[in-house]
Every structure is written in structure tokens, then in C-alpha cells.
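Dear colleague,

Here is the structure I said I would pass on. My notes on the annotated site and the ligand follow below it.

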Amino acid sequence: MKKILLLTTGGTIASVLGKEGLYPEIPAEEIVSYLPEQYDRYKVECKTLMNVDSTNMQPESWVKIAEAVNEHYDRYDGFVITHGTDTMAYTSAALSYMLQNLAKPVVITGSQIPIHYKRTDAKTNINDAVRFACEDVGGVFTVFGGLVIIGTRVVKLRTKSYDAFESINFPYIARVNQSEVSYQRKIPFVKDKKMKFNSSICPDVLLLKLHPGTKPELFDYIKNLYKGIVIETFGTGGIPFQERSLVQKIHELIHSGITVVFTTQVLEEGEDLGLYEVSRKVPEDMIIRTRDMNTEAIIPKLMWALGQTNEPEQVKKIMATPIAYDITPTK
Ligand SMILES: NC(=O)C[C@H](N)C(=O)O
């Protein structure tokens, strides 16, 4: 019999309708009471960690969740974290960096409809999540709408549908249907390896999505606020260098000691900085490339990297090293 710890953090799954709309209130014990009594397979214990809409989650909330898993790691076979869907992808990735070498599943789930509503997806999702948490696997996973997605590749694509999440630039791991788990991609893990817990982060990171017309002057302001900037460039890595050129300002950022990371605002296939003139105006060795990583993983990875070291070369090295399948290695 597997021993599972279910940690709740809020989100729609735990929400009730108040005067100003849905807000999270339902405690862990009530969430667990919706699980079918399949207690021959697993025993679930639970704890309310926080009760927030995931919009209100902060990087410090990821630390709190990671610490809770670390604190209870030896006493359970698997973990389920219920969470709001809006920033679930960021938390899934953040936990993948803070909890490495996992030999047990840490499964994040939630729902689009509150758990006590008639047409809710919450019961299926927690059931699937607990079912997957009983598997003999190691890593952080999001289980939602019947799909199991590796933690660093989760992206929310739909605001309302039950199949809200997709696995981007990596195959999904498995499907869960009733109590059947069918694998598409098995990931290796070492059972006896010691789990590596490291939750040091530096939250001074900005995400900037370019659009035609982005004002260069903006960079003067952000220079004083952040240590790292992730720029969602156009296509394979384009930065405007003619009217409203951003090139000079990016050079200034780098010279003032800010880590500049380039990614693309296109969801699939990643950046390819060498391809066009528009992506060569800032020399490649001055910035950090991200290849086919998702923005939702780049942000917590950069916060985590800056939490480990202030050395630019070290930050670059951490960002370039594949962790928990977040980058497809180049051949
Ligand atoms: N479906 C949800 O959970 C959305 C909610 N606003 C949240 O992220 O907490």
C-alpha cells in the first residue's frame, strides 16, 4: 500500500463563490474527502499549505511548497500538490529545480471548475494525480485532463477547457484513464540516489515580451530593478535594430551587470539565434540562450541560477545545463 501526502495550496479546485467571484477556501481534509475509497491501493494524508488563487503565488510560495515536500520526503511514497492552474506551469518548473534527483513522484494538479460543482473536473484530476503518485517514477509532473506532463514542459494553453495544459517541445509522459496509466515516454530515475533539495532563489527577474513599438527608454528604468531579464524576442530570436532599436540598450544592460536571457515568444521549436541578421546584433557570448525551453521554466530556472551564484559564467553554465528535461540537448 502506497502512502501519499496531499498538500493543498488553493486555486479553483478549492474555491467557493463569494461576493466578488471565486476565491479559495476549501481545506485539504475536504479535498481528500472527494477521493474514492480505494484504500487498498493507497493511504492519503493531507495538509493545507496555503489557500491562494495561484495568481497571488510568489517565488517564495514555490520555496514553501518545496520545503514541505523536502520535510516529509522520507515518510511518503508520493506527493500530490493541488494548485491553481494560472501559474501551475511556473510552480511545476520551479519544483523541478528545487527538488532534483527525485526517486518519488511529486504530482501537481488542480481544476477548471471548483470541486463541489456538479460538472467539475477536480475529482477526476485528483484521482488521476493520486493514481500517478502511486507509480514507481521519480520527478515532478503535472497531471491534468488525463495527461501526465514533465514539470519543466508544462504550458497552459486554454483558460477554460478541461484540457488546459500541453507538453511543449517534449512528449507527454503518460495518460491516466480511470486507474490505467499508459506510458508514452518512460523517464529513467535512480532509486537509491539521494534527493537534492536546494531552494535558494533570487526573485529579481523580469520577463519582457517584445512587440512592434517597444520603447528603448524602458530599459533605463528596469536596469535598477532587476538582476536578470528574460526577453521574449520575435521568431528565432529577432531584436529590432532599426527604428526604436533595442540593441544599444541591451548592451548597456549587460555592461551594467544584468544577466540577459533570450528566448522566443513562439511556443514551439525554440530560438535559433544564428539564423537572421536581426538576431546577431547582440553577440551570442554576451547573452544566455535558451534553445527550446518554455518561458514558464526559464523564469524559475534563472531565479534559481541567480540564487546559486553571482558569477555570470556560472549562471550561464547552469542555464545551459539540461535539468529535468527542460532543454533538448543539441547533438
Ligand atoms: N483554474 C484555476 O485554478 C484558476 C485560478 N484563477 C487559479 O489559478 O488559482
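Is Ser54 buried or exposed? Please keep in mind that the model is predicted. Ser54 has 21 other C-beta atoms within 10 Å, and because 20 or more is the cut-off, Ser54 counts as buried.

I started from that residue on account of the UniProt record. The unreviewed entry lists Ser54, Thr85 and Asp86 under "binding site". These positions are spread over 33 residues of sequence, yet they cluster in space, with a largest C-alpha distance of 6.9 Å.

Two of the listed residues in turn:

- Ser54 sits in the loop that runs between strand 4 (42-52) and helix 2 (59-72). Leaving aside residues up to four places away in sequence, its contacts are Gly10, Gly11, His83, Gly84, Thr85, Asp86, Thr87 and Met88.
- Thr85 belongs to the loop between strand 5 (78-82) and helix 3 (88-98). Thr85 is buried because it has 24 C-beta neighbours inside 10 Å. With the same exclusion of residues up to four places away, Thr85 touches Gly11, Thr12, Ser54, Gly110, Gln112, Lys156 and Ala164.

As for the ligand, the residues around it are Gly11, Thr12, Asp53, Ser54, Thr55, Gly84, Thr85, Asp86, Gly110 and Gln112. By class, the shell holds 8 polar and 2 charged residues, and no nonpolar ones.

Regards

Note on methods. Residues numbered from 1 in each chain as written. Predicted model: local features only at pLDDT ≥ 70, side-chain atom pairs only at ≥ 80, totals over all residues. UniProt positions renumbered as here; feature names shortened; annotations may be inferred. Helix = DSSP H or I, 4+ residues; strand = E, 2+ residues; numbered from the N terminus. Buried ≥ 20, exposed ≤ 12 C-beta atoms within 10 Å, placed from the backbone. Contact = placed C-beta atoms within 7 Å. Near = placed C-beta within 6 Å. Nonpolar A, V, L, I, M, F, W, Y, C, P; charged D, E, K, R; others polar.
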